[in-house]
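Biologist: Please show me the model, and then take my questions one at a time.

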Amino acid sequence: METITLKLTNEEISKLKKSFSDEIIDNKNEYVLFQIKTENCTITAYKSNKVVFQGKDANIYASPFKNDNFIEQAGSDEVGTGDFFGPVVVCACTILKNNLPILEKLDIKDSKDITDEKIIEIAPKLMEEIKYSLLILDNEKYNIVHKNNNMNAIKAKLHNKALVNLNNKHKLPKFVIIDQFTPKDLFYRYIKDEKEIIKNINFETKAENKYISVACASIIARYAFLKKWEEMEIKYNFKFIKGASNLVDKNIADFVKKYSEHELIKVSKTHFKNIEKYKEYM
């Protein structure tokens, strides 16, 4: 077991607490601010601003706070799974130490914290600088695949495939992280029949806020999603609504009136509950 002790600023401690808010556990020690428990590391923050990282992956979790010890990493994230319209996009990318200056210049954050306009501006620059693998599952194919695979199974297979493709281009670093959407055992159960399987993946919720590789993957995936969305709107001369709210129900009805249910299959995920409600607006 490795132990790393660092003295962090109040701002760094606040960032640590926010990033790992879902992994905070009870600790009654009067000198402890909070304690975080992950799969391979326990992080204890003390009122003195001392933070202790203990466990197999202590160095990985401490590395963001050690300027001289960045852990090279590969991360993967997906976009589009919560939208009735549009494809599912998965991106995996590798971040090496020599990529850090350009990432700092581009002010990389999780794509959910950046406007779509900013993503369209910075993503092409990012894609020129780092190694990545991008998969886009269009709606027609998605609807066929979903007949025998639930959403998490589809995502697991896409993430694995993106990492396999990335590994074939450039050998993956030892540390590989996915923004967790299903337990680790289920993830590997979903992909057990795949030809190639990437093993020893780390899974964490809110990984896009903790790891620069996942943040970069989320930006590229969002960019690809937005470009496909733009193509859909140009092709059909139609303004689609993102998400899956009640506003989408009427949007579906307007589309079907103009183009038919047959065309709807080409632009949407037909298992969403919205499909049951749009007829109220016909």
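Modeller: Helices here are DSSP runs of H or I with at least four residues, numbered from the N terminus. The model is a predicted one.

Biologist: How far apart are the end C-alpha atoms of helix α10?

Modeller: Helix α10 has 14 residues, and at 1.5 Å a residue these should span 20 Å. The model agrees with this, because the end C-alpha atoms are apart by 20 Å.

Biologist: Against which helices do the buried residues of α10 pack?

Modeller: The buried residues of α10 include V248, I252 and F255. D249 and N251 are also among them. The buried set packs against α9 (212-236), α11 (261-264) and α12 (274-277).

Biologist: Is N160 buried or exposed?

Modeller: N160 lies in helix α6, residues 151-169. Beyond its neighbours within four places in sequence, N160 is in contact with F187, I191, E194, E196, I197 and I198. Its relative accessible area is 2%, and the cut-off for burial is under 20%, so N160 is buried.

Biologist: Which strands are the edge strands of the five-strand open sheet?

Modeller: The order in the sheet is β1-β5-β4-β3-β2, with antiparallel pairing. An edge strand here pairs on one side only. β1 pairs with β5 over six bridges, and E2 stands opposite G55 in β5. The edge strands are β1 (2-7) and β2 (24-25).

Conventions. Residues numbered from 1 in each chain as written. Predicted model: local features only at pLDDT ≥ 70, side-chain atom pairs only at ≥ 80, totals over all residues. Heavy atoms only, no water. Helix = DSSP H or I, 4+ residues; strand = E, 2+ residues; numbered from the N terminus. Buried < 20%, exposed > 50% of the residue type's maximum accessible area, 1.4 Å probe, protein only. Contact = heavy atoms within 4.5 Å. Expected span 1.5 Å × (residues − 1). Pairing = 2+ DSSP bridges.
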